[in-house]
Amino acid sequence: MSKVSSKFIFFFGSFAGILFGYDIGIIAGAEGHIQQDFNLSPLWLGIVVSSLMGGAIIGSILSGLLGDKFGRRKLILIASLIFLVGALGSAIAPDKITLTIARIFLGVAVGTASSLVPAYMSEIAPANIRGKLSGLNQLMIVIGLLLSYIVAFIFEPIPNSWRLMLGSAGIFAIVLYFGVLKLPESPRYLIKNGMADKAREVLASLRNSKDEVDAEILEIKDVAKHEKSGIGQLFHKKFRMALIIGVGMATFQQIQGANSIVYYATSIARKAGLAPQVAAGFTVIVGVIFVVTTIIFLQFVDKYNRRTILTVGGAGMALSFFAPAILGALGMNESVLNWVTLIALCCFILCYSFSWAPLTWIIVGEIFPLSVRGIGAGISSAFNWTGSLVVGLVFPILADMFSLGVIFSSFGIICILGLLFVRFVVVETKGRSLEQIETEMAARSEKRIS
């Protein structure tokens with residue numbers, strides 16, 4: 001493998017996030033056209049939208065089982081090819097069943113990326129800026145999301161444009177494949193599999209000095225030599241707290257309601273009274289908020305405690321959901337309430353995109369020990385996508401049965417529960433090496449059990 005710069009490694013190490021964001025976002029612009037072309041019921045619309053999440057559950061589990069055995073890089077390469085197949089299959093799908101199958105393929109790739117990229121980024125990043133570099137994955141996701149909203153806005157007036165929307169993801173899949181070809185494998189994976197010399201070469205291109213490289217290799221070896229690999233080890237008592245935190249963070253991130261906005265932003269805007277083209281424009285605003293806020297987040301993520309950011313962001317998310325519900329119950333004029341609802345959703349996205357959206361995957365990438373990091377991230381990702389599937393499947397049905405105020409109040413309550421989880425369960429990981437986190441988590445698990 002030819003030598004590449006650290007910037008190239010960090011950029012393409014997180015580039016899969018663009019496909020992740022594009023594929024989960026483009027459906028917001030395409031679902032209205034798909035529903036009309038295939039005459040879908042609310043249930044079938046939910047199936048088509050959420051089929052990607054079903055595939056993502058499969059991809060998360062498979063990548064978790066295989067990532068620790070075959071390496072992060074190799075599986076991300078395979079995921080890029082599955083992305084391409086799924087994108088082209090979606091573009092030419094003749095009916096709802098074929099489209100659903102194609103989106104399941106896309107989901108397998110998305111699930112693989114969502115579990116492996118955070119692990120890869122956390123393993124190659126220096127401890128003092130790991131939050132910022134790991135957060136690049138989230139920045140790529142929201143850039144992909146924004147690009148999907150822009151494409152949907154441009155194609156909105158064109159008949160049958162949903163095929164172009166879904167198929168265009170294949171371009172990013174090709175770029176990802178050729179970019180990842182030049183990436184090195186994770187140094188921690190290399191050491192774990194007896195390739196310390198290759199790990200040293202990788203770290204030498206990513207760290208500032210030979211002393212820093214030597215110290216990190218010694219620390220990794222010291223921790224790795226005392227551990228066994230395999231899925232069974234993940235349920236060992238000393239890893240139990242890591243599993244609870246990883247699964248809990250990943251699940252709460254989804255069931256707090258973010259993807260109801262990501263997947264159905266256009267429909268929500270239409271329900272609030274906006275014309276189709278204007279509703280598509282609203283999703284572009286949502287995407288811009290995601291990107292700008294994530295860029296701001298990356299500037300201070302390593303300056304403030306993870307738990308503090310999660311608490312402040314989670315409180316803002318809850319208030320954003322409760323505000324329109326309370327004002328609606330107090331009898332606010334419907335047309336005014338519709339605008340308040342859209343503004344509140346933008347506030348939710350702002351709070352979510354500088355807290356739970358990026359930090360969930362940063363923490364999942366940090367919290368698991370080296371020997372089970374791949375499978376731990378995979379299981380967490382599977383729970384994340386299970387929550388996403390449930391939200392994507394039931395939201396159209398709930399929207400057909402209840403007002404937005406009732407639905408958003410439910411999400412607000414879940415945000416409060418997320419705050420309690422952070423307060424009483426999540427540990428602080430800022431500024432610590434992965435090996436220090438691993439040692440402290442094992443000690444905490446032993447203490448709780450005793």
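Author: **Cysteines and their surroundings**

The structure holds zero disulfides, a disulfide being a pair of cysteine sulfur atoms within 2.5 Å. Before we go on, please keep in mind that this is a predicted model, in which local features need pLDDT of at least 70 and side-chain atom pairs count only at pLDDT 80 or more, while totals for chains, interfaces and linings use all residues. Residues are numbered from 1 along each chain as its sequence is written, and side-chain values use heavy atoms, with hydrogens and water left out.

Cys347 counts as partly exposed, at 37% relative accessibility. Here buried means under 20% relative accessible area, exposed means over 50%, and partly exposed is in between, using a 1.4 Å probe and protein chains only.

Now turn to Cys415. Cys415 is in no disulfide either, as the nearest cysteine sulfur, that of Cys351, is 9.6 Å away. With a relative accessible area of 1%, Cys415 is buried.

What does Gly314 touch, leaving aside its neighbours within four places in sequence? Gly314 is in contact with Cys415, and also with Ser355, Trp356 and Leu419; contact means heavy atoms within 4.5 Å. You can find Gly314 in helix α17 (residues 306-329). Helices are DSSP runs of H or I with at least four residues, numbered from the N terminus. Gly314 is buried as well, at 0% relative accessibility. Gly314 and Val422 are 108 residues apart in sequence, yet 9.5 Å apart in space, C-alpha to C-alpha.

Let us finish with a pair of helices. Helix α21 (residues 404-424) packs with helix α20 (residues 373-401) at an angle of about 145 degrees, and their axes are 10 Å apart. Axes are lines fitted to C-alpha atoms, for helices over the stretch in contact, and angles run from 0 to 180 degrees between N-to-C directions. On the α20 side, Val391, Phe395, Leu398 and Ala399 meet Leu404, Ile407 and Phe411 of α21. By class, this contact of α20 with α21 has seven nonpolar, no polar and no charged residues. Ala, Val, Leu, Ile, Met, Phe, Trp, Tyr, Cys and Pro count as nonpolar, Asp, Glu, Lys and Arg as charged, and the others, Gly among them, as polar.

How values were computed: Helices (H or I, at least four residues) and strands (E, at least two) are DSSP runs, numbered from the N terminus.
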